Amino acid sequence: MSLLALSDVTKVFGGLIAINDLSFTVEAGSIVGLIGPNGAGKTTVFNCITGNYTPERGQILFDGTSIRGLRPHRVVELGIARTFQSIRLFGKLPVLENVLAGRHCRMRAGLLSCMLHTPAMRREEEAAVARCMEELDFVGLADRCHEAAGGLSYGNQRLLEVARALAADPRLLILDEPAGGMNDQETAALVEIIRAIRARGVTVLLIEHDMRLVMQICEKLVVLEHGTLIAEGEPETVRANPAVIEAYLGADDEKW
Amino acid sequence: MTRTVFSVALGALICVLPLFCNAYWTDVCVMIGLYALLSLSLNVILGQAGIFHMGHAAFFAVGAYTTAICNTLWQWPIFLTMPLAGATAALFALVVARPIIHLRGDYLLIVTIGIVEIVRIALLNDVFGLTGGSNGIFGIARPRFFDFRIVKSIHFYYLVWGMVGISLVLFYGLWRSRFGRALNCIKADDVAAEGCGINVSRYKLAAFVLGAFWAGMVGTLYAAKMTTIAPESFNFMESVIIFAVVILSGGSQLGVLISAFLFIGLPELLREFSDARMLVFGLAMMLMMIWRPQGLLPPGPRRYPVVDRILGKLHSSGQNASGGLAGLAGAEVETPVNAQTAARTGEDRP
């Protein structure tokens, strides 16, 4: 069974059909790219999966259970973590606390034990900090854990969002334009990080405009145009698909 | 560091202060303590979670009336009514806040102003025939601690400030926990907080209910101190003052204590200039907004003692801790020494 399966998902904003009868699947352990021209509805798809929007019609199954209409924090608890297209870090809070925010849903201390700092709460807190430092080390930001997140460079802020999402122990990681605003070197590092994430057993679904990155790491591509699926399959096949070239690549096919 | 020294000095001063005060000034200090308590509880809602709540006097009133009613009608001892007063206020907060908690900023502010007015008018109209209308309730007994009757100002001084001490410890613990961090995240960006897995509406509601519980217990102390309570003690202006204390404080607990003193103590000190004092006050507030909009003392960074140990381990494990993948990225990497000093300059707060 697929880890994530969308079937006939439709999302409407007023008179605009943002996603139209969209169906695709994400297999466990794979890296899947969701691509399409600007305004094709890619981020809307992500927002439907993560619970920020509720689709009007259709079903979204995560590991066999329906997650349609669940609130975002419930979706995270079930094992889907995300990053945002426009970076949404807690800029004034330290880097470490941003990652701890991602760990929050795996912690259990209640109001009273938080006020009293019970031994169990302290242990949990220490374990969470250790775990979050590991995630920071994973993306290479461990030494900067005390700095304010807003002070990091753009590329590092993207990496911090990834670390924050990973701290929630996701089974599916959703990345919305992870390479946006990164230079070539940073993008190369990101490719390594995404591969390392998959090697940890986390499935990755990403939106990306950087075609080189997409071609390098994705095993499967889903192509959207005007909210409709126009192609799905291996990168090589999709790349040769006339509909895709027509709709998406147009004149600028030399990027490929 | 300076904050720690200052806090200890302030603590010592508070302990010995009544020895040098006459009854009048001790009473003023009791009032400062009560406002400090209310502001500490509002600080969880407004300062930590960023919920614009200007109706805190409503919960204060519910607590005070709960104590007054239980004590005058059924002769419950004051201290026994305290948890009940807190629980009633908390329940009230839960009921009124549940439908409005998703409102943002100014919208929520207006609704909370409505709440405090509704409570005041309900009390004025002798709701359930229990609140005594505009006369309020009088003849509330003095609290008794075993055989010790708390009557004098100085007794109340230590009772109220003892409660302030306990509240400081508990709220500090809360601030330094996942609960406090969750509230700060919600304040910074509630969409991102929800997206990270924080149940935003639940935490907002919890902050609200906790703040109300505390305000209710402060209501008990207030009723016991005054022995007479009336609806006019819980009007909109009270809410505004508590709100202003928290805004002025900047959100740290030490800041709350200082700004409670400035708001309640300073007008008493300036009594000689009677007419001009509100003018001076308004001017001071305006200047604050211009030069220090973040408030007197924003909270310092939280300390994570384990972090240094973990960083040390990462460095000693041979590889450069930041070398990993960001090293590949050519990202500007702070030298470990700088990171460590940055960690150390992080100050504690009371």
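What handedness does the β-α-β unit made by E7(A), H7(A) and E8(A) have? The unit is right-handed. This is a predicted model. E7(A) and E8(A) belong to an open sheet of six strands in chain A.

- Strand E6 (80-82) and strand E10 (228-233) of chain A form the edges. Each of these two pairs on one side only.
- On average, neighbouring strands of the sheet are turned by 20° against each other, with direction ignored.

**Pairing around E8(A)**
- Strand E3 (residues 31-35) of chain A runs parallel to strand E8 (residues 203-207) of chain A. Four bridges join them.
- A:Val32 sits opposite A:Leu205 of E8(A).
- A:Leu34 has A:Ile207 of E8(A) as its bridge partner.
- E7(A) also pairs with E8(A), in the parallel sense, over five bridges.
- A:Leu172 has A:Thr203 of E8(A) as its bridge partner.

**Burial of E8(A)**
- Why is E8(A) largely enclosed by the rest of the structure? Five of its five residues are buried, so the strand counts as largely enclosed. Buried here means under 20% relative accessible area.
- In a regular strand, side chains alternate between the two faces of the sheet.
- Both faces of E8(A) are covered. A:Thr203, A:Leu205 and A:Ile207 are buried on one side. A:Val204 and A:Leu206 are buried on the other.

- Helix H7 (residues 184-199) of chain A lies across E3, E7 and E8 of chain A. H7 runs at about 145° to E8(A).
- H7(A) is also the helix of the right-handed unit with E7(A) and E8(A).

**Helix H1(A)**
- How many residues of helix H1 (residues 42-49) of chain A are buried? Seven of its eight residues are, and the helix is mostly covered.
- The buried residues in H1(A) are A:Lys42, A:Thr44, A:Val45, A:Phe46, A:Asn47, A:Cys48 and A:Ile49.
- A:Gly51 follows H1(A). The phi of A:Gly51 is positive, near 90°.

Definitions and conventions:
Residues are numbered from 1 along each chain as its sequence is written. Chains are lettered from A and ligands numbered from 1 in the order in which they are written. This is a predicted model: local features need pLDDT of at least 70, side-chain atom pairs count only at pLDDT 80 or more; totals for chains, interfaces and linings use all residues. Side-chain values use heavy atoms; hydrogens and water are left out. Two strands pair if DSSP finds at least two bridges between them. Axes are lines fitted to C-alpha atoms, for helices over the stretch in contact, and angles run from 0 to 180 degrees between N-to-C directions. Contact means heavy atoms within 4.5 Å. Buried means under 20% relative accessible area, exposed over 50%, partly exposed in between (1.4 Å probe, protein chains only). A crossover is right-handed if, with the strands pointing away from the viewer, the path from the first strand over the helix to the second runs clockwise.
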